[in-house]
Amino acid sequence: MSTYAPDPECVFCQDNPRIVWEGGGLKVCSDPAPLAAGHLLIFATEHYPSAADLTIDLATRMDNIERALGEAMIEKYGDYALFEHGRTGHCIRSRPGERLCHHVHVHLIPCAVPPLEELIPLTQRRAVVSWSEVVELGAETDGYVVIGGNGRPKQFLPVSHDLEPHYLRTVIATALNHPERADWEQFPFLPGAQADSARSHRDVEQLANHLTVAS
């Protein structure tokens with residue numbers, strides 16, 4: 001398994017005041033540009049470009065924290081959506097000064113939307129039950145995304161071309177009737193953005209306060 005040096009331009013390699021939990025090489029933080037209250041991110045402490053680049057041990061720990069947080073979200077909110085942009089070229093700068101996030105991070109978003117596989121026009125897909133399977137499939141695939149949520153099997157979708165920036169955020173933001181929230185770089189300029197972000201962070205803290213993660 002390859003190792004990767006920290007990237008000084010990567011937002012996940014920098015200090016993050018929004019972290020609410022960490023352990024076993026993984027961290028959880030609130031998304032600073034939430035699509036819904038309670039929107040959180042699971043990411044690796046070290047710089048891995050995507051979930052497919054994780055070690056099997058880290059992928060197994062990712063399964064455990066995702067499962068625990070997913071159960072907490074279902075209990076509190078009733079439903080959630082999950083995605084990872086994987087290797088899709090979405091973190092290449094599309095405008096000067098754009099910050100980079102080419103560092104594995106999985107989104108969990110409390111929301112009731114149609115299954116993401118019904119909203120995404122990518123026909124090739126494979127059901128996976130673990131992030132270790134994503135590591136194995138990623139060894140044979142360049143581009144991919146992962147989608148899922150609410151106890152449904154995750155879907156591994158090979159992608160043969162670069163997706164538009166914020167592609168999966170845009171799909172979910174549009175389904176939630178908030179397309180203006182799709183671009184996380186522009187979120188701070190939206191009306192009420194600071195209050196929404198602070199409220200969401202408090203919700204994520206509550207989710208993490210009593211979190212029990214299998215070892």
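Biologist: Where does asparagine 177 lie?

Modeller: Asparagine 177 is in the loop between helix 3 and helix 4. Helices (H or I, at least four residues) and strands (E, at least two) are DSSP runs, numbered from the N terminus. Asparagine 177 also has a positive phi of about 65°, although it is not a glycine.

Biologist: Why look at that phi?

Modeller: Most residues other than glycine have a negative phi. Histidine 166 has a positive phi too, near 65°, and lies in the loop between strand 8 and helix 3.

Biologist: Is histidine 166 buried or exposed?

Modeller: Buried, because its relative accessibility is 11%.

Biologist: Before we go on, what kind of model is this?

Modeller: It's a predicted model: local features need pLDDT of at least 70, side-chain atom pairs count only at pLDDT 80 or more, and totals for chains, interfaces and linings use all residues. Residues are numbered from 1 along each chain as its sequence is written, and side-chain values use heavy atoms, leaving out hydrogens and water.

Biologist: OK, big picture. How many helices and strands?

Modeller: Four helices and eight strands. Along the sequence the pattern reads β-β-β-α-β-β-β-α-β-β-α-α. The radius of gyration is 16 Å, close to the 17 Å from the globule rule for 215 residues, so the chain is as compact as a globular protein of that length. That radius is taken over C-alpha atoms, and the rule is 2.2 Å times the number of residues to the power 0.38.

Biologist: What share of the residues is buried?

Modeller: Buried residues make up 53% of the 215.

Biologist: Now the sheet. What's the strand order?

Modeller: The eight strands form an open sheet in the order 1-2-3-5-4-7-8-6, with antiparallel pairing. Two strands pair if DSSP finds at least two bridges between them.

Biologist: Which strands stand at the edges?

Modeller: Strand 1 (19-23) and strand 6 (126-128); each has a single partner strand, so one side of each is left without a neighbour in the sheet.

Biologist: How many bridges join strand 1 to strand 2?

Modeller: Four, and the two strands run antiparallel. Glycine 23 stands opposite leucine 26 in strand 2.

Biologist: Which strands does helix 3 touch?

Modeller: Helix 3 (residues 167-175) packs on the sheet, touching strand 4, strand 5 and strand 7. A contact means heavy atoms within 4.5 Å.

Biologist: And helix 4, which of its residues are buried?

Modeller: Ala193, Asp196, Ser197, Ser200, His201, Asp203, Val204, Leu207 and Ala208. They cover an arc of only 165° around the axis, which puts them on the same side of helix 4. That arc is of the directions from the helix axis to the C-beta atoms.

Biologist: What covers the buried residues of helix 4?

Modeller: The cover includes strand 1, strand 2, strand 3 (40-44) and helix 1 (56-77). On the other side of helix 4, Gln194 and Asn209 are exposed.

Terms used: Axes fitted to C-alpha atoms, helices over the stretch in contact; angles between N-to-C directions. Buried < 20%, exposed > 50% of the residue type's maximum accessible area, 1.4 Å probe, protein only.
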